[in-house]
Amino acid sequence: MTDDVDRFVGSRLRERRLILNKTIEELAESLPFTIDEIAAFESGNERIGSANLHALSQLLKVKITYFFDGLSYEG
């Protein structure tokens, strides 16, 4: 089950992909993910594991913290 954090991280993934003018297909070709998996990551319907998030951050040339920038924390 995913939550608001997963949706936020997914939206940041999509945002960065679009900034770099990459398609989902191009991302899928560079990583061991299917187009459907990347779409599920971006929509927040599938949680991105830490190793996968690390691989995505390297490919998209950002620090892992990029995916959490702007996320509000309560507590």
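**Close-up 1. Helix 1 meets helix 3, their axes coming within 5 Å and crossing at roughly 120°.** Axes here are lines fitted to C-alpha atoms, for helices over the stretch in contact, with angles from 0 to 180 degrees between N-to-C directions. On the helix 1 side we have D6, R7, G10, S11, L13, R14 and R17, which touch F41, E42 and S43 of helix 3; contact means heavy atoms within 4.5 Å. Sorted by type, the residues of this contact are two nonpolar, three polar and five charged. This is a predicted model, where local features need pLDDT of at least 70 and side-chain atom pairs count only at pLDDT 80 or more, while totals for chains, interfaces and linings use all residues. Numbering starts from 1 along each chain as its sequence is written, and side-chain values use heavy atoms, leaving out hydrogens and water.

**Close-up 2. Helix 3 (residues 35-43) has I38, A40, F41 and E42 buried.** Buried is under 20% relative accessible area, exposed over 50%, partly exposed in between (1.4 Å probe, protein chains only). The buried residues of helix 3 pack against helix 1 (4-19), helix 2 (24-30) and helix 4 (50-59). Just past helix 3, G44 has a positive phi of about 80°.

**Close-up 3. Two aromatic pairs turn up in the structure.** F33 and F41 sit edge-to-face, because their ring centres are 5.3 Å apart and their planes at 85°; pairing needs centres within 6.5 Å, with planes under 30 degrees apart called stacked, over 60 edge-to-face and the rest tilted. Y66 and F67 are edge-to-face too, with centres 5.6 Å apart and planes at 85°. F67 is buried at 1% relative accessibility.

Note on methods
Helix = DSSP H or I, 4+ residues; strand = E, 2+ residues; numbered from the N terminus. Nonpolar A, V, L, I, M, F, W, Y, C, P; charged D, E, K, R; others polar. Phe/Tyr/Trp six-rings, centres within 6.5 Å; stacked < 30°, edge-to-face > 60°.
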